[in-house]
Amino acid sequence: MTLDALRRPLSSLRVSVTDRCNLRCAYCMPEEDYGWLPSREILSFEELDAVVGAFCALGVDRVRLTGGEPLVRKQLSTLVKLLAARPQITDLALTTNGVLLAEQAQALREAGLHRITVSLDTLDPKRFAALTRRDQHAQVLEGIAAARFPKGLKIDTVVMRGVNDDELVPLLELAASHSAELRFIEYMDVGGATRWSRDQVVSRAELLQKLGSHYGKIDSLVTESRAPAERFRLPDGRTFGIIASTTAPFCRSCDRSRVTADGKWFTCLYAEQGIDLKGPLRRAEPLGPLLTSGWSARADRGAEVRLALHRQRAALKTAGQLRADPHLEMHTRGG
Ligand code: SAM
Ligand code: SF4
Ligand code: SF4
């Protein structure tokens, strides 16, 4: 097992397959214009598979494909098939905004994808259009309806005060109607969230209080310690999750890192610098020693450091800083 400086194992990898996206969510891509990674820099599926293989050799057994929007990358099921053939991967998942899911669900299922998470923040098409600047709510709902995978479906909702915090109950009901587990995510001050403010964060405590006043007593469930979501049970037995990365971060047990579509490895969502894997890969150098030394040196606790700022906490980066270094963007490094 490869341990970092805080004795956390290297076991979960998020692979951002593209920095492009077909939505413009207010909490992730609020600006008018974005620059994109040059296409010659983007790793091919074979290269991405080789990178994942190097991580698997060091103990990674959970892989999640993300982006940007992963389904805008052409023929993504080809990559899924390559990864599904790796016996070390016990959990192969994808996070998507769902817009292109209805048309790709079957190919992804046949390629061997284990499970899927669809992001959905509202049941109101007008609100969806305002929040994402695209009029594609119906396609997302079709995607959710088509999302049948062996290990199931999760729906992730970023909760923002004054935007969708009046929809907690209807979103839980929608998830139940698709046998999906809903996870509420606190609005995070990640790179990209240039309009972030503390006032708009709806904390875990507040979420539980709002849900409790509707449903009654909510029980906390003991979960696998390294999962980011804490799980809860409603009186009728239904479960849901809360990812409280903003007010109660889980850095202490964080076993995840991220690779961008152009092969930069980030050991924390908030890390300023990444480690280039593309150069060594294209020079046919082994990645193992680089990964081992990078992980052994890892002491990141990005969200805990942000929490310690208390009242000084504001947006992490300005739009200008993000333009100068797009690798700081959430949509580049993969949420
Ligand atoms: N485009 C895909 C999607 O939206 O599901 C995958 C990439 S997206 C960056 C991954 C996740 O990050 C989404 O669930 C999204 O809601 C979440 N996210 C993006 N910006 C966020 C923020 N400022 N706070 C909390 N979650 C955020
Ligand atoms: Fe929204 Fe995901 Fe696109 Fe970001 S990457 S704008 S969260 S759909
Ligand atoms: Fe892990 Fe960094 Fe997120 Fe903390 S902030 S949970 S160390 S990725």
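Tutor: A polar side-chain atom of serine 119 lies 2.6 Å from an oxygen atom of ligand 1, a polar contact being a pair of N or O atoms within 3.5 Å. The model is predicted, and local features need pLDDT of at least 70, side-chain atom pairs count only at pLDDT 80 or more, and totals for chains, interfaces and linings use all residues. Residues are numbered from 1 along each chain as written, chains are lettered from A and ligands numbered from 1 in the order written, and side-chain values use heavy atoms, with hydrogens and water left out.

The backbone also contributes to this site. A backbone N or O atom of methionine 188 is 2.9 Å from a nitrogen atom of ligand 1, and a polar backbone atom of threonine 96 is 3.2 Å from an oxygen atom of ligand 1. Taken alone, ligand 1 exposes 550 Å², of which the protein buries 95% (accessible areas by the Shrake-Rupley method with a 1.4 Å probe).

Altogether, 19 residues surround ligand 1, each with a heavy atom within 4 Å of the ligand. The closest are Tyr27, Gly68, Ser119, Val158 and Met188. The shell divides into 9 nonpolar, 8 polar and 2 charged residues; Asp, Glu, Lys and Arg count as charged, Ala, Val, Leu, Ile, Met, Phe, Trp, Tyr, Cys and Pro as nonpolar, and the others, Gly among them, as polar. Strands β3 (91–96) and β6 (181–186) each supply at least two residues of this shell; strands are DSSP runs of E of at least two residues, and helices are runs of H or I of at least four, numbered from the N terminus.

The axes of α1 (residues 45–57) and α2 (residues 76–84) come within 10 Å and cross at roughly 30°. The two helices are therefore roughly parallel, a term for angles under 35 degrees. The axes of α2 and α3 (residues 101–111) are 8 Å apart, at an angle of about 20°, which makes this pair roughly parallel as well.

Terms used: Polar contact = N/O pair within 3.5 Å; in protein donor to acceptor, adjacent residues only side chain to side chain. Axes fitted to C-alpha atoms, helices over the stretch in contact; angles between N-to-C directions. Parallel < 35°, antiparallel > 145°, perpendicular 65-115°, else oblique.
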